[in-house]
Amino acid sequence: MKVLLCLLSLLSYQALANEVEPITPIPIKMGLDKRKVKLGKSLFFDTRLSKNDTHSCASCHQLSKAGTNGSQFAQKPNGALTEMNVPSVFNSAFNFRFFWDGRAYTMEDQFLYTQRHEMNMPIEDLINRLHADKKIVDAFKEIYVDGLNNKTIADAIIQYQKSLITPNSRFDLYLMGNKNSLTNDELKGYQLFKKYGCISCHHGVNIGGNMFQIFGVIGDRGAYFKRKGFVLNRDLGRFNITHKEWDKFVFKVPSLRNVALTAPYFHDGSIATLDQAVDIMFDYQLGVAALKQEKELIVKFLKSLTGVYKEELE
Amino acid sequence: MLTFKESANNYLKILEVKKIVYGFVFVLLATILFIFTAKVIFKGSGHDRIIASFYDLKQVDMRWNVDALSIASSLKNNYDSVVSLPEVTRRNDLIIQILNESSEINKEDRERLENKINYYKNIMVKKSDLIERIKSSHAVLINSSRFISSFNKELIFLLDHDNELRNFKELVEVKYILYNALSLVVSFIASKDDALHEELHELIDRLNSYADKMPLNSQSKVKNFVVHILLLMDQYKLRNQLLNELQLIKTDYLLSGIESDYVMIYNKFLDRNDDYRTILIFYSIIVFLIFSYIIIGMIKNYKRLNVVNMELKVAHNEAQLKLIHSSKMTALGEMVAGIAHEINTPLAYVSAIFSVLNEQITKIVSFSKEYENQPISVKILKKNDVDLDDILTLLEDGKYGINQISELIVTMKNFGRIDQLEVDDFLVEDGLDNALLMANYTVKDNLVIKKEYAGVPKIRCIPSHINQVFLNIITNAIQAILAYKKNGQLIIKTVKQDESMIRIDISDDGPGISQEVLPKIFDPFFTTKEIGKGTGMGLSISYKIIESHGGRILVDSNEGQGATFSILLPINKNDSKSATFFQV
């Protein structure tokens with residue numbers, strides 16, 4: 001009886017937290033300056049951002065592929081493959097940090113880093129390059145008091161990135177009160193998602209993207225990677241940035257928005273299907289032996305997270 | 001009374017002193033300007049923005065603390081707003097930027113503050129890392145506790161009813177350890193006693209050793225359960241540890257310290273600003289005093305200069321009057337010869353007449369004694385060579401000669417009023433006649449004088465001065481003609497130029513004035529005459545006199561064709577300015 005009482009207290013521990021839905025819908029509008037968004041868009045698709053005019057932002061973050069490139073990795077302008085799977089540009093504005101290891105605190109940092117390391121075109125060079133283009137210089141002059149410079153060019157691209165959101169997923173509609181927008185299975189899936197504790201990390205507006213977590217809660221540290229027989233540098237995650245023991249195998253929890261469209265999965269793009277990914281999560285993050293049907297329901301729920309991108313430039 | 005030289009020296013000294021004073025005033029003004037411009041610590045609302053940033057930073061810090069605790073007590077199921085480091089760094093950078101833009105904060109203060117802010121930033125990075133770890137840890141903790149609570153019944157049911165376990169000897173032990181472990185978890189959560197944590201680990205090790213002997217199905221379930229109990233314990237311990245660390249980071253004190261440092265710097269600035277204001281007032285008073293001193297000095301100097309000026313003017317006037325007089329005396333000297341000759345002529349004439357008359361009268365007296373008691377007839381007189389008609393004529397002639405002398409003396413008397421400086425109404429035509437009369441005595445009969453008087457109105461002037469001018473010019477003209485040829489002509493013309501001016505033209509047909517000489521004729525001491533014959537002052541003084549009357553002298557001359565002097569004089573009827581004539 002004693003134990004039961006104790007467990008009750010643990011349960012009541014949970015009770016408060018469950019009153020409010022832990023996931024919030026994506027806002028319909030971001031309230032951005034459309035001129036800046038338009039200017040940012042032209043830069044987003046501009047291959048002059050890479051050294052040899054081979055890549056634009058959109059080369060890897062393809063809007064038609066849910067803001068990623070549909071492959072395990074991407075080819076960089078220098079021909080080498082990226083270390084990490086390309087994260088989606090959609091809804092990135094809602095992430096708390098950027099890159100899988102969360103090295104960038106702001107979108108500006110992310111942009112500057114990508115320019116220097118992926119595009120081989122540090123911002124200073126980029127400015128020089130764009131200054132030759134009178135049309136762009138004039139466009140900046142018209143919109144920004146300071147004209148074309150480090151800050152404004154980053155801002156324009158960021159404004160466009162911020163406009164890349166996918167509201168109105170069926171799940172968001174459900175959250176906003178349309179109880180019929182989810183099928184029973186999907187709803188059951190959502191409940192299981194919460195029950196098994198996926199929600200503990202995947203919550204907030206991006207259903208993830210607001211905290212770090214170790215990959216492999218269950219078992220010894222790094223068991224997931226050691227199982228493959230080798231551990232790559234990229235698998236150390238946040239440790240690469242902080243060099244703290246506790247940050248080994250720690251990653252930014254990825255957003256599950258549009259997750260049905262962003263295969264392959266995980267930081268190394270090693271997992272091809274959503275079912276496999278869910279299995280791995282159950283085994284290494286939750287340590288729960290769920291039924292196959294339950295996992296299927298959860299996958300169904302995950303598929304209801306696909307939203308709609310609507311470009312509004314005029 | 002100072003002499004002229006002393007006054008002049010004093011004046012130069014004053015100029016020197018003034019230069020120094022001006023330099024000093026310039027320095028003072030520049031200082032005031034400096035104090036004025038150095039009065040702002042930040043452009044715009046820098047101070048307000050810094051204070052607002054400190055306020056925001058405090059709010060952010062407080063919110064972080066609350067958020068961390070909310071997560072730890074599961075009051076939050078959405079970590080979106082927990083936590084954003086940029087909202088700290090952005091404000092830190094803003095404060096540093098504003099501090100750097102200010103020239104009023106000394107480098108030392110600024111660097112100290114900047115270092116503290118950067119230190120604070122680093123601490124906040126650590127704090128955010130701690131909170132991130134609390135987030136991660138708590139997510140695992142929650143899941144394990146959720147698992148334990150939901151799987152508990154299932155496990156108990158399994159242990160009670162699983163057929164496979166019926167033959168498992170240590171089932172009671174396993175059950176006991178499980179119950180014990182759960183109660184340990186609860187105690188640990190309540191007491192946070194690390195000893196319990198170690199005890200639990202021992203229990204779990206024992207449980208695992210028993211579980212190894214269990215059938216596979218229940219073994220994996222028990223082991224899974226054990227994993228979560230351990231996770232719960234470990235994460236709970238870790239989370240508490242993190243919360244403790246969080247508590248030890250006294251960001252609020254740090255921030256308050258930085259803020260009070262800043263406020264101290266700001267107050268230092270305000271104090272200095274007060275000092276500046278005091279200095280400013282002090283300087284303003286000094287500048288005011290110096291200006292007053294300069295102005296008073298200038299007034300004094302001006303007065304002194306006025307006195308010196310007056311003295312100079314008086315001396316100048318005296319010198320001028322003396323010059324005029326001396327030139328007049330020279331002119332008179334020239335006249336004397338002529339006049340003596342002129343007076344001699346009627347005198348000789350009168351004396352001849354009177355000797356003849358004497359003869360005649362003597363005759364009359366002698367024969368009248370012969371013809372005593374007899375009437376004397378004209379015939380008798382005739383017979384005795386006494387011509388009564390002749391006598392009458394001679395008397396007439398003598399009277400004429402005497403009249404001529406007296407007339408000459410009247411003229412001289414008129415002309416002699418040289419020191420009479422009273423302003424009077426004066427008919428220039430009379431003046432011209434007088435001057436002609438004076439000059440005429442030097443004139444031989446072969447000089448034709450033509451007068452063309454227009455009957456100009458009287459002018460207000462100093463008559464003796466004007467007379468002198470006329471005499472000067474006429475004498476010059478006559479001398480010029482006579483030196484040139486035997487028969488000459490002098491034309492004197494008066495014209496009413498307009499309502500306010502009259503003009504007198506004195507033209508001769510002498511040799512004229514050459515182009516080289518013409519510009520110099522009015523210069524003092526310039527003369528073309530032989531040494532001793534002219535003073536060189538005549539025309540110069542004439543010019544001055546006419547100028548002082550508000551008139552002008554013009555000369556029109558071609559060499560060999562005579563010269564015309566035109567004198568323009570204002571009529572000046574009842575003009576009060578006439579008093580200025582005194583100052584020739």
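Predicted model: local features only at pLDDT ≥ 70, side-chain atom pairs only at ≥ 80, totals over all residues.
**Stop 1**

Start with the overall count. The structure holds 42 salt bridges over all chains.

Select A:Lys228 and A:Asp235. Their side chains form a salt bridge, at 3.7 Å from N to O. Now compare the accessibility of each partner. A:Lys228 has a relative accessible area of 32%, so it is partly exposed. A:Asp235 has 0% and is therefore buried, the cut-off being under 20%.

Next, select A:Glu296 and A:Lys292. A salt bridge joins these side chains, with 3.2 Å from N to O. A:Lys292 is exposed, at 64% relative accessibility. A:Glu296, at 39%, is partly exposed.

Then select A:Asp46, A:Arg48 and A:Asp133 together. Salt bridges link these three residues in a network.

**Stop 2**

Move to chain B. Select B:Glu132 and B:Lys135. What is the distance between the closest N and O atoms of the B:Glu132 and B:Lys135 salt bridge? The distance is 3.1 Å.

Both residues sit in helix H4 of chain B, residues 107-161. The spacing is 3 residues, about one turn of the helix. Are B:Glu132 and B:Lys135 buried or exposed? B:Glu132 is buried, with a relative accessible area of 2%. B:Lys135 is buried too, at 0% relative accessibility.

**Stop 3**

Select B:Arg91. Helix H3 of chain B, residues 86-101, contains this arginine. B:Arg91 has a relative accessible area of 17%, so it counts as buried; the limit is under 20%.

The side chains of B:Arg91 and B:Asp56 make a polar contact of 3.1 Å. The backbone oxygen of B:Glu87 is reached by the B:Arg91 side chain at 2.9 Å.

**Stop 4: B:Val448 in strand E2**

Select B:Val448. This residue lies in strand E2 of chain B, residues 447-452. B:Val448 is partly exposed, with 42% relative accessible area.

Now bring in B:Leu490. In sequence, B:Val448 and B:Leu490 are 42 residues apart. In space, their C-alpha atoms are 6.2 Å apart.

**Stop 5: a negative patch**

Select B:Asp193, B:Asp194, B:Glu198, B:Glu199, B:Glu202 and B:Asp205. These residues form a negative surface patch.

Pick out B:Glu198. Helix H6 of chain B, residues 194-211, holds this residue. B:Glu198 has 55% relative accessibility, so it counts as exposed.

**Stop 6: a nonpolar patch**

Keep the surface on. Select B:Leu29, B:Phe291, B:Ile295 and B:Ile299. Together they make a nonpolar surface patch with about 340 Å² of accessible area.

Which helix gives the largest share of the nonpolar patch? Helix H8 of chain B, residues 251-370, supplies 3 residues. B:Ile295 is in helix H8 of chain B. At 45% relative accessibility, B:Ile295 is partly exposed.

Methods:
Residues numbered from 1 in each chain as written. Chains lettered and ligands numbered in written order. Heavy atoms only, no water. Patch = residues over 30% accessible without salt bridge, like charges linked within 9 Å, V, L, I, M, F, W, Y side chains within 5 Å. Areas by Shrake-Rupley, 256 points an atom, 1.4 Å probe, with all protein chains shown as cover. Salt bridge = Lys/Arg side-chain N within 4 Å of Asp/Glu carboxyl O. Lys, Arg positive; Asp, Glu negative; His and termini not counted. Charge placed at Lys NZ, Arg CZ, Asp CG, Glu CD. Helix = DSSP H or I, 4+ residues; strand = E, 2+ residues; numbered from the N terminus. Buried < 20%, exposed > 50% of the residue type's maximum accessible area, 1.4 Å probe, protein only. Polar contact = N/O pair within 3.5 Å; in protein donor to acceptor, adjacent residues only side chain to side chain.
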